[in-house]
Amino acid sequence: MQTKAILSQADVINVLDAAQKEADSNGWAVTIAVADDGGHLLALRRLDGAAPFSADVATQKARSAAIGRKETQVFEEMINGGRTAFVSAPLQGLLSGGVPIIVDGHVVGSVGISGVKPDQDVQVAKAGVSAIG
């Protein structure tokens, strides 16, 4: 039988806190979503001033990064690069800002950020991911 790493609630809180610290230090009102390896939401934190819409977008970015096993920016670039048929894939949140959390070469979860410019969403997501050593 194989075993795998999973995110604990302590890990999830560390991810949320690291992402929020990055957002706060830049004055960015975002929503932070953390999902497990199957894309199921483990936690959601909408910072003061973040649009309500960002909660759904961040959740979908986290889901897509987890089950797609790659950053959502890759999907956005594929579509923008002309592979428009990918829009019909059974994923939502195909915008930059979803980043998988990888431990020992395996996706154990993901972070989705929504609320600012695409590169800023990615910056906040990667700050969250960095909380997992």
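Predicted model: local features only at pLDDT ≥ 70, side-chain atom pairs only at ≥ 80, totals over all residues.
**Ground rules.** I number residues from 1 along each chain as its sequence is written, and I use heavy atoms for side-chain values, with hydrogens and water left out. Local features need pLDDT of at least 70 and side-chain atom pairs count only at pLDDT 80 or more, while totals for chains, interfaces and linings use all residues.

**Sheet.** I looked up the strand order first. I found an open sheet of 4 strands, ordered β2-β1-β4-β3, with antiparallel pairing. Strands are DSSP runs of E, at least two residues, and helices are runs of H or I, at least four residues, numbered from the N terminus. Two strands pair if DSSP finds at least two bridges between them. β2 (41–46) and β3 (98–103) are the edge strands, each pairing on one side only. I note an average twist of 15° from one strand to the next.

**Strand β1.** I followed β1 (residues 31–36) to its partners. It joins β4 (residues 106–114) through 6 bridges, and β2 through 5 bridges. Ala33 has Gly112 as its bridge partner in β4, and Ala33 stands opposite Leu44 in β2. The hairpin of β1 and β2 has 4 residues between the strands, and Gly39 there takes a positive phi near 85°.

**Helices α1 and α4.** Next I checked the crossing. The axes of α1 (residues 9–26) and α4 (residues 118–129) come within 7 Å and cross at roughly 140°. Axes are lines fitted to C-alpha atoms, for helices over the stretch in contact, and angles run from 0 to 180 degrees between N-to-C directions. From α1, the contact (heavy atoms within 4.5 Å) uses Val15, Ala18, Ala19, Glu22, Ala23 and Asn26; from α4, Gln123, Val124, Ala127 and Gly128.

**Cores.** Which residues touch the most other members of the largest nonpolar core? Of its 21 residues, they are Leu7, Val30, Ile32, Ile101, Val111, Ile113 and Val124. A nonpolar core is a set of buried Ala, Val, Leu, Ile, Met, Phe, Trp, Tyr and Cys residues joined through side-chain atoms within 4.5 Å. Buried means under 20% relative accessible area, with a 1.4 Å probe and protein chains only. α1 gives the most to this core, with 5 residues. Apart from it I found another core, of 6 residues, including Phe75, Ile79, Phe86 and Leu91.

**Ile113.** Last, I listed contacts of Ile113, not counting residues up to four places away in sequence. Among them are Ala19, Val30, Ile32, Ala58, Lys61, Asp121 and Val124.

How values were computed:
Buried < 20%, exposed > 50% of the residue type's maximum accessible area, 1.4 Å probe, protein only.
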